[in-house]
Amino acid sequence: MNYISTRNKNIKVSASQAIAQGISKDGGLFVPESIPALSKDDFESLIGMDYPSRAAFVLKRFLTDFTDEEIEYCVKGAYVGNFDNDQPAPLKTIANNEHILELWHGPTCAFKDLALQILPYLLTTSAKKVSGGKETVILVATSGDTGKAALEGFCDVENTKIMVFYPSDGVSAMQKLQMDTQKGENVFVCAIKGNFDDAQTGVKKIFTDNEVAVILEKANMQFSSANSINWGRLAPQIIYYISAYCDLVKEGADLSGGFNVVVPTGNFGNILAAYYAKVMGVRINKLVCASNANNVLTDFINTGVYDRNRKFYTTISPSMDILISSNLERMLFEISGRDDECVAALQKELNDNGKYTVSDEIAAKFRELFYGGCCDDQSTMATIKSTFDECDYLIDTHTAVAVNVYNSYVKNTGDNRPTVIASTASPYKFANSVLEALGAELSGDEFKNAEMLADITNVLMPKPLAALKNAKPRFKNLCEKQDMVDVVLKNLGL
């Protein structure tokens, strides 16, 4: 299977090249030439497998230039021994038809681990095939969780360097501590004066800067990405929706009418993975896209107008504080009938004017597939409390957005078929906000608050977060957004 650019279908590369390169040279995103379908027999086989076996089964359909042995190596390295009880994505039922897909049992306690534990294996395997011995430089823009998960995954990986940029005032105290205390000889962390969109835009510009490309070429280096613009990040996310479906079938859920999936969404990658699972044959009915106060996706789904020219809110669900949702480009490509010229024109309009309007036909297709909803911080806090009080289940600020929007969806539509809600982070990554939502008075110490949260809820703090209590920050870098390229080159000694 080859991969093509969303902005030019004539650009065609192998899976290894797509992963090693990260983003197409024309600024487009790589997508498979076709989405492989899974048969009834395939699903019957998948249901009886453990998670690593399911992962290998799915990835073999997408990474056709990898040998079976290479895929097994990548999968086992990622998913065996790195997750609680070797269960990377368990389902928890909290109400009759309401199932929580817990995606935070990895080393950094966020859903990004499901992809970023395997991406270093996929990337180094790809680089050996196509990069000719070049050193790979991973550039990451993060709204909180991707940064730590990428740093952890690529820490001291041979022949790679990783550089992470995050908004100085746009991550939680725990997320900041996770990144700034990262160990490893090949890692670098820098805060920027700006928001996530500024960091993401800066990274994209560096990727497509021809002068920088020449400098890297002379140094025998190449850029790649650990953000979900990289297909090697997105493909592993498809797996956990397929796995959730298999687990629902095993549990005897009534899926005669399919099931819905609810995802707290910022950059659109996580919900896009659910869409690809649907295309592959998973019986997903409605894709519910949940946003916080930065509700650019909600407005787009409901109106067909994408407009980032709006106030940016810093919220208690910071990983969703995004106004430029990069992976929406892939969805536009699919929903437009893979019209690369249409996608290129829309992305140019977004870049030039900060907004675009899709055709009535495309807008109608979006509304048929997706339901868009949003909630503010106050509603998020109320949902954390009500979910704990009524279901005896503790959720973080992002999962609470999803639960809140799901409840609104059911109220507005009457659709109460089985539903999987993606839970994207441990509540302890946002302990201050969760504790406050439960009505407790905060202290000035993050870890005292975490201990209080454990006392109140009888939910233990994950070990990786507890281990940060006495950790000392290693990185204290801060730069202007326009200086990111200089920071990158200086750190690389170029």
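## Helices α14 and α16

In this predicted model, helix α14 and helix α16, the latter made of residues 360-369, have axes that come within 10 Å and cross at roughly 110°. Because an angle of 65 to 115 degrees counts as roughly perpendicular, α14 and α16 are described as roughly perpendicular to each other.

The meeting of these two helices can be followed residue by residue, with L328, M331, L332 and I335 on the side of α14 and I362, K365, F366 and L369 on the side of α16. Sorted by class, the residues of this contact are 7 nonpolar and 1 charged, with no polar residues.

## Helices α12 and α14

Helix α14, which spans residues 328-335, also packs with helix α12, which spans residues 269-280, and here the angle is about 30° while the axes are 9 Å apart. Angles under 35 degrees count as roughly parallel, and α12 and α14 are therefore roughly parallel to each other. The crossing of α12 and α14 is left-handed.

On the side of α12 the residues that take part are L272, Y275 and Y276, and they meet R330, M331 and E334 of α14. This contact of α12 with α14 divides into 4 nonpolar and 2 charged residues, and no polar residue belongs to it.

## E329 within α14

Another residue of helix α14 is E329, which is buried, its relative accessible area being 1%. The side chain of E329 is joined to the side chain of T6 by a polar contact of 2.6 Å.

When neighbours within four places in sequence are left aside, the residues in contact with E329 are T6, R7, G27, G28, L29, V343 and Q347.

N267 is placed in the loop between β10, residues 259-264, and α12.

Apart from neighbours within four places in sequence, N267 is in contact with F196, Q200, S228, I322, I324, S325, S326, N327 and L328. The side chain of N267 reaches the backbone nitrogen of S326 at 2.8 Å. From C-alpha to C-alpha, N267 and L297 are 9.3 Å apart in space, while in sequence they are separated by 30 residues.

## S243 in α11

S243 belongs to helix α11, which covers residues 231-250, and it is buried, with a relative accessible area of 1%. Not counting residues up to four places away in sequence, S243 touches Y51 and R54. With R54 there is also a polar contact of 2.8 Å, which joins the two side chains.

Helix α7, residues 145-154, has 9 of its 10 residues buried, so it is largely enclosed by the rest of the structure. The buried residues of α7 are D145, T146, G147, K148, A149, A150, L151, G153 and F154. Just after this helix, D156 takes a positive phi of about 60°.

In helix α22, residues 484-491, the residues M484, V487, V488 and L489 are buried. Just after α22, a positive phi of about 75° is taken by G493.

## Two loop asparagines

N220 lies in the loop between α10, residues 210-218, and β9, residues 221-225. Its phi is near 60°, a positive value in a residue other than glycine. At 38% relative accessibility, N220 counts as partly exposed.

N458 is placed in the loop between α20, residues 446-457, and α21, residues 463-466. The phi of N458 is likewise near 60°, a positive value in a residue other than glycine. The relative accessible area of N458 is 70%, and N458 is therefore exposed, since exposed means over 50%.

Note on methods: Residues are numbered from 1 along each chain as its sequence is written. This is a predicted model: local features need pLDDT of at least 70, side-chain atom pairs count only at pLDDT 80 or more; totals for chains, interfaces and linings use all residues. Side-chain values use heavy atoms; hydrogens and water are left out. Helices (H or I, at least four residues) and strands (E, at least two) are DSSP runs, numbered from the N terminus. Buried means under 20% relative accessible area, exposed over 50%, partly exposed in between (1.4 Å probe, protein chains only). A polar contact is a pair of N or O atoms within 3.5 Å; within protein, one must be able to donate a hydrogen and the other to accept it, and residues adjacent in sequence count only if both atoms are side-chain atoms. Contact means heavy atoms within 4.5 Å. Axes are lines fitted to C-alpha atoms, for helices over the stretch in contact, and angles run from 0 to 180 degrees between N-to-C directions. Angles under 35 degrees count as roughly parallel, over 145 as roughly antiparallel, 65 to 115 as roughly perpendicular and the rest as oblique. A crossing is left-handed if the near helix is turned anticlockwise from the far one by less than a right angle, and right-handed if clockwise. Ala, Val, Leu, Ile, Met, Phe, Trp, Tyr, Cys and Pro count as nonpolar, Asp, Glu, Lys and Arg as charged, and the others, Gly among them, as polar.
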